[in-house]
Amino acid sequence: MTSTAAGNELATDGADELLLDVRDLRTYFKTDDGIVKAVDGVSFSVGRGETLGIVGESGCGKSVTMMSILGLNPKPGRVNIPAGPGRGEAMSKALQESTKFVSLSTGEAFFKGENLLTVSGSRLREIRGGEIAMIFQDPMTSLNPVHSIGTQLIEATLLHQDVSKKQARKLAIEALKDVGIPRAERRIDDYPHQFSGGMRQRVMIAMALINDPKLLIADEPTTALDVTTQAQILELMNRMQEEHGTAIVMITHDLGVVAEVADEVVVMYAARVAERAPVDNIYEQPMHPYTWGLLGSLPRLETDVERLTQIPGQPPSLLRPPAGCRFNPRCTFAFDRCRRELPELVPALSDPLHTQACFLDEETKLREARRVLAAFDPEAAGGV
Amino acid sequence: MPEELLRVENVKKHFPVSRGIIFQKQIAAVKAVDDVSFTVNRGETFGIVGESGCGKSTLARVIMRLLDPTAGKITFDGRDISNLTRNEMRPVRREMMMIFQDPYASLNPRKRVGFIVGEALQINKMGSAAEIKRRVQELLEVVGLNPEHYNRFPHEFSGGQRQRIGVARALAVNPKLIVADEPVSALDVSVQAQILNLLKDLQTEFGLTYIFIAHDLNVVRYISDRVMVMYLGKVAEIADAGQLYSEPQHPYSGSLLSAVPIANPRAGRSRKSVVLQGDVPNPINPPSGCRFHPRCPRYQEGVCDVVEPRITEVSASHGSACFFPLEHWPMTVEEISSVDPEVVAERKREIVPAEPAGEPATASV
């Protein structure tokens with residue numbers, strides 16, 4: 001993990017340093033009940049060697065965002081829809097008319113200058129597992145139970161590197177040693193069920209890193225693990241990042257995990273980005289009512305909290321999202337404009353690194369942020 | 001003076017592991033809960049934390065008598081319930097209710113909400129059909145649902161709403177004790193806060209007693225008055241919630257606390273962190289002596305692997321099962337792994353006489 005200061009520098013260094021640059025990504029699905037707008041205008045970027053945390057509650061579109069970039073959505077369509085105001089409607093129309101595909105992604109996702117949404121299928125397969133690697137939540141279902149982990153690791157190597165089987169096996173053993181699997185020479189021939197949950201996740205990390213990727217996408221990598229195992233895995237990912245200089249996109253619902261690993265944070269709500277900022281800003285100067293809600297509803301180990309502030313209601317259905325700001329039905333600050341207009345991401349506090357999508361004036365926001373933080377950290381609130 | 005509602009004494013639950021198809025014989029036992037004792041006072045929330053496989057859910061089921069204890073005594077409301085028959089248990093059952101983890105699996109998808117919430121009332125013949133209906137609608141309102149939801153099916157509700165139905169069902173017969181087994185771990189953080197606050201409000205309103213089981217230390221800290229930390233079927237530490245978090249005694253409690261990611265990046269960076277190595281061992285063949293010793297940073301050969309530590313009390317409300325408890329908190333890795341050699345020598349002297357008999361010695365601190 002690079003320090004936050006270094007992360008900031010990377011982000012400001014200009015477009016050359018951006019490893020992944022996603023602009024106005026939209027992904028819609030066709031279902032029996034209608035069009036689900038799972039991702040609806042999401043933009044963010046990841047610098048080289050940086051860790052970006054994407055947080056949000058279930059169904060906010062955080063996983064679909066990354067799956068769209070990797071072309072892993074079910075039956076994806078390829079339709080050329082130009083950018084512009086009518087894009088959403090055009091996508092819905094294309095989906096409804098089509099019988100061949102059920103999902104459609106548009107927008108831009110530049111990875112080292114290539115738009116992943118338009119590159120050919122074979123090129124995408126080359127990138128996937130090569131320069132961009134993935135780790136998923138459940139290490140049991142992401143490993144094939146009928147092949148030894150060695151077979152799976154060697155397959156991953158042979159697909160992306162020009163080596164012999166023997167060399168690939170050697171590389172696989174090295175990779176397993178790297179992630180702290182004891183007696184790797186013997187365990188390489190074991191099957192996934194012979195490993196514990198934490199060890200399986202280590203195998204997944206070994207497999208992800210075996211081709212020396214530039215970007216690692218980790219989708220809730222520690223959610224299924226116990227807290228002491230989680231600490232081991234986070235430490236391992238951190239060490240791997242330092243050794244290989246890999247950039248990481250960490251998708252999680254856990255605000256604690258994000259605080260520990262991320263340089264930069266994207267908070268998603270109902271298929272859109274609510275706020276994006278360097279990690280310290282998110283926790284010390286949050287500028288979006290949803291972020292306040294998340295932070296306020298979090299029980300804390302460090303302090304006695306008399307009562308959690310809760311966000312009323314439920315996240316909206318993405319079939320029929322509310323008009324205006326998606327958060328307005330649950331927001332205690334909502335006013336007329338919030339119910340009419342969809343807020344775009346704009347810089348907060350004139351800081352280009354900190355953007356948020358809310359119409360509320362900054363004075364109110366600063367005051368409210370202070371109030372929310374004071375509930376569990378009286379000191380920090382004084383410093384804001 | 002707090003009044004005792006539940007007393008659990010030396011409770012064990014061993015599951016037999018057998019081999020053979022026709023002539024089955026027991027070859028081993030999974031010691032899921034092994035010699036656990038604690039008390040729960042009326043009106044308090046007693047939290048139980050531990051990692052998966054530590055026996056916390058089995059313990060809950062034994063307390064509810066959904067499983068029979070292998071040994072030990074459970075006293076509920078002044079009555080020994082550990083040996084009651086099914087019939088004798090029936091009137092006791094309505095005094096203790098359970099809330100389950102998975103709000104999807106714990107509600108019968110083919111029954112209407114009204115039936116699910118009112119079933120316990122019907123079974124216990126607590127009123128006519130009209131009275132039960134009125135009571136159920138009242139309950140739905142209490143947990144923050146619309147009384148008109150009476151005729152709906154579980155699938156029409158979100159996860160958080162389903163958990164509210166689970167809470168209403170537990171409340172229906174006015175129980176004295178509610179055992180909640182991971183009631184919020186399947187929920188998103190904003191919904192989780194709603195349910196936690198609801199449970200707190202209901203406790204104040206109806207004077208409920210909770211046993212709250214969770215793996216999330218943040219959640220347990222928020223809701224509990226007292227907390228018990230379990231490791232591999234044993235009690236590692238029992239303390240007031242604040243105490244456990246500010247001055248843990250057991251190295252396992254300390255390691256757990258330092259493994260929890262904290263939602264404060266600045267504090268997280270400056271934190272002293274102890275990362276435990278290895279995994280939880282197999283409960284069929286647990287380590288000798290202290291079960292935590294193979295992973296413990298304070299492990300001392302000749303003491304921890306020889307004798308099982310008993311719970312010793314630091315204060316009236318705080319006890320831990322460790323020969324070398326933590327002197328202060330937080331600690332760095334170096335601090336936690338350095339134990340005063342004199343204390344080690346003293347412990348060794350204490351345990352030598354007991355060793356041949358194989359009896360666990362009592363460490364007096």
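Guide: Welcome! Domain bounds here come from an automatic or database domain assignment. On that basis, chain B is divided into domain 1 (4-19 + 27-231) and domain 2 (251-354). Please keep in mind that this is a predicted model.

Visitor: What makes the two domains of chain B touch, and how many residues take part?

Guide: Two residues are in contact if their C-beta atoms, placed from the backbone, lie within 7 Å. By that rule, 12 residues of domain 1 of chain B are in contact with 12 residues of domain 2 of chain B. The C-alpha centres of these two domains lie 31 Å apart.

Visitor: Which elements build the side of domain 1 of chain B that touches domain 2 of chain B?

Guide: Strand 2 (25-41), helix 7 (217-223) and strand 9 (226-231) of chain B each supply at least two residues. Strand 2 of chain B gives the most, with four residues. Sorted by class, this side has seven nonpolar, two polar and three charged residues.

Visitor: Why is Leu5(B) called buried?

Guide: The cut-off is 20 or more other C-beta atoms within 10 Å. Leu5(B) has 22 other C-beta atoms within 10 Å, so Leu5(B) is buried. This residue lies in strand 1 (residues 4-19) of chain B.

Visitor: Which residues does Leu5(B) touch, leaving out those up to four places away in sequence?

Guide: Leu5(B) touches Val40(B), Asn41(B), Arg42(B), Asp77(B), Lys176(B), Leu177(B) and Thr209(B). As for Ala129(B), 124 residues apart from Leu5(B) along the chain, the two C-alpha atoms are separated by 32 Å.

Visitor: What makes helix 9 of chain B "mostly covered"?

Guide: Here we apply the burial test to each residue of helix 9 (residues 251-259) of chain B, and nine of its nine residues are buried. Among them are Pro251(B), Tyr252(B), Leu256(B) and Leu257(B). What covers the buried residues of this helix includes helix 10 of chain A. From chain B, the cover includes helix 7, strand 9, strand 10 (234-240), helix 8 (241-246) and helix 11 (333-337).

Note on methods
Residues numbered from 1 in each chain as written. Chains lettered and ligands numbered in written order. Predicted model: local features only at pLDDT ≥ 70, side-chain atom pairs only at ≥ 80, totals over all residues. Nonpolar A, V, L, I, M, F, W, Y, C, P; charged D, E, K, R; others polar. Buried ≥ 20, exposed ≤ 12 C-beta atoms within 10 Å, placed from the backbone.
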